[in-house]
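Thanks for coming, everyone. Let me put the model up on the screen, and then we'll walk through it piece by piece.

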Amino acid sequence: MKVLNNYDNYKLKDMDKGDKNMKYAAKAWKETEGASLRNFNEQAQVDSVNGALALRPQIETIIDQIWEEGFDGIYFIGIGGTYASSMQVEVYMRGRSKLPIYVENAAEFLTTGNKRFTEKSVVIYSSVSGNTKEMVQLVDRVHEIGARVFAFIDTPNSILTQPDKQDYLILYPMNEQLKFYMTANYLMYKNGEFDEYDRYNKEMETYLADALVQVEKDSDEWAYEYAKNKVAFLKEHKDLPHYFIGSGNQYGATYSYAMCYWEEQMWIRTKSISCQEFFHGMQEIIVDDTPVTLFMGEDEQRPLAERVARFLPRVNGNYTIIDTKEFELKGISPEYRGTISHLVMHGVNNRVDAYMELFLRHPLSIRRYYRQFEY
């Protein structure tokens with residue numbers, strides 16, 4: 001049995017000289033050169049989106065009950081990536097609804113609280129593991145106050161799925177951004193603020209899954225080159241952070257992508273900033289080779305991103321602009337594109353992640369090992 005001590009110096013031909021009966025010759029896991037839709041499962045992606053959309057009757061039933069019981073505030077609360085999704089849905093509703101909608105970071109809520117939060121309030125949150133420390137503590141605190149909890153949990157039989165941890169529960173893996181927006185849309189419909197609710201949902205349920213799959217296909221070759229160039233630059237500038245900029249429903253993507261993906265999973269220094277704050281600090285330290293990526297969506301805050309896009313070429317030669325407007329999104333009406341531009345950006349970033357992992361050569365399983373430790 002050969003022991004591979006150095007992946008980078010390992011040569012395929014060395015294995016080929018060995019036992020011809022070996023089932024695990026290196027050629028079995030050799031990566032395809034160039035863009036190859038790495039780690040992409042089209043049917044799984046379609047099923048994931050359509051599965052989330054199929055939750056609409058359950059979401060509507062729960063919101064109907066919450067509506068009938070009454071509430072003085074709806075609080076989207078999360079930590080890390082789920083906090084980012086909470087920020088996205090709050091900014092989405094802020095300019096469209098008069099409902100009392102708030103966003104909170106779970107750790108801040110536990111330490112600072114919120115005097116507006118009462119026994120009549122409702123918490124909506126999502127959790128992948130169902131065991132996140134801050135979220136478990138949050139739910140206990142919320143129930144001590146006497147408020148209700150509506151949870152989306154990915155993992156069955158986890159702590160947060162237990163009967164005493166939630167009042168309303170939907171079990172379905174991933175897509176918290178989509179599930180949150182579905183919840184927001186029905187809340188606004190109930191409040192007389194979304195007259196096109198039925199048309200909107202029919203369109204999404206017919207076209208969204210295929211449109212998002214096509215985004216990944218269309219961006220794959222570009223993502224390969226982007227990841228290849230970013231990792232090459234990183235190797236020469238290990239201490240220089242990469243700057244991500246976005247606004248509106250793209251700011252949640254900016255925040256979570258920089259922190260949860262590049263920092264937490266890839267161990268790359270990053271900095272995230274909103275487009276509206278970019279001109280109040282960050283613009284002063286952007287120079288010719290500073291690595292910058294701007295996320296541009298199609299919601300009402302797009303003009304803020306356009307201002308940054310006009311400025312960057314004046315001072316920087318190492319910027320990238322990812323604009324959701326460049327994707328066809330077949331079947332999606334122009335007036336609805338902004339409501340899903342964060343999902344489009346997520347699709348593009350899925351492709352980037354697949355190739356970043358390839359070029360970085362330290363698989364996610366190694367990094368996830370460290371997450372089991374308390375700190």
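Let's begin with a cysteine: is C260 buried or exposed? C260 counts as buried, because its relative accessibility is 12%. For the cut-offs, buried means under 20% relative accessible area, exposed means over 50%, and partly exposed is in between, with a 1.4 Å probe and protein chains only. C275 is buried too, at a relative accessible area of 2%. And disulfides? The search of the whole structure turned up zero, where a disulfide is a pair of cysteine sulfur atoms within 2.5 Å.

Quick housekeeping. This is a predicted model, so local features need pLDDT of at least 70 and side-chain atom pairs count only at pLDDT 80 or more, while totals for chains, interfaces and linings use all residues. Residues are numbered from 1 along each chain as its sequence is written, and side-chain values use heavy atoms, with hydrogens and water left out.

Now, helices. What do we use to describe two packed helices? The angle between their axes and the distance between the axes. Here the axes are lines fitted to C-alpha atoms, for helices over the stretch in contact, and the angles run from 0 to 180 degrees between N-to-C directions. Helices (H or I, at least four residues) and strands (E, at least two) are DSSP runs, numbered from the N terminus.

I'll build this part around helix α8, residues 197-236. Take its packing with helix α7, residues 176-190: the angle is about 160° and the axes are 11 Å apart. That makes α7 roughly antiparallel to α8. The naming goes like this: under 35 degrees is roughly parallel, over 145 roughly antiparallel, 65 to 115 roughly perpendicular, and the rest oblique. The α7 and α8 crossing is left-handed, which is the term when the near helix is turned anticlockwise from the far one by less than a right angle; clockwise would be right-handed. On the α7 side you'll find L178, N185, Y186 and Y189, and they meet Y197, Y200 and L208 of α8. Contact, by the way, means heavy atoms within 4.5 Å. Sorted by class, that contact of α7 with α8 has six nonpolar residues, one polar and no charged. Nonpolar covers Ala, Val, Leu, Ile, Met, Phe, Trp, Tyr, Cys and Pro; charged is Asp, Glu, Lys and Arg; the others, Gly among them, are polar.

Next partner: helix α2, residues 42-53. The axes of α2 and α8 come within 9 Å and cross at roughly 145°, and this crossing is right-handed. From α2 we have E42, Q45, V46, V49, N50 and L53, and from α8 the list includes M204, E205, L208 and K217. The contact of α2 with α8 divides into eight nonpolar, two polar and five charged residues.

Then helix α12, residues 341-360, whose axis comes within 6 Å of the α8 axis, with a crossing of roughly 40°. That makes α8 oblique to α12, and the crossing is right-handed. By class, the contact of α8 with α12 has 18 nonpolar, three polar and six charged residues.

Back to α7 for a moment, where T183 sits. T183 is buried, at 0% relative accessibility. Beyond four places in sequence, T183 touches I59, I63, I124, F150 and F152.

V149 is buried, with a relative accessible area of 1%. Which residue is 26 residues from V149 in sequence and 4.8 Å away in space, C-alpha to C-alpha? That's V123. Setting aside neighbours within four places, the contacts of V149 include V123, Y125, K165 and Y168.

Two more stops. P291 is in the loop between α10 (275-278) and β8 (292-296), and it is buried at 3%. P291 and P241 are 50 residues apart in sequence, yet 7.5 Å apart in space, C-alpha to C-alpha. Not counting residues up to four places away, P291 touches several residues, among them K230, F233, P241 and N318.

Last, helix α11, residues 302-315: R302, A305, V308, A309, F311 and L312 are buried there. Their cover includes β6 (242-246), α10, β8 and β9 (319-323).
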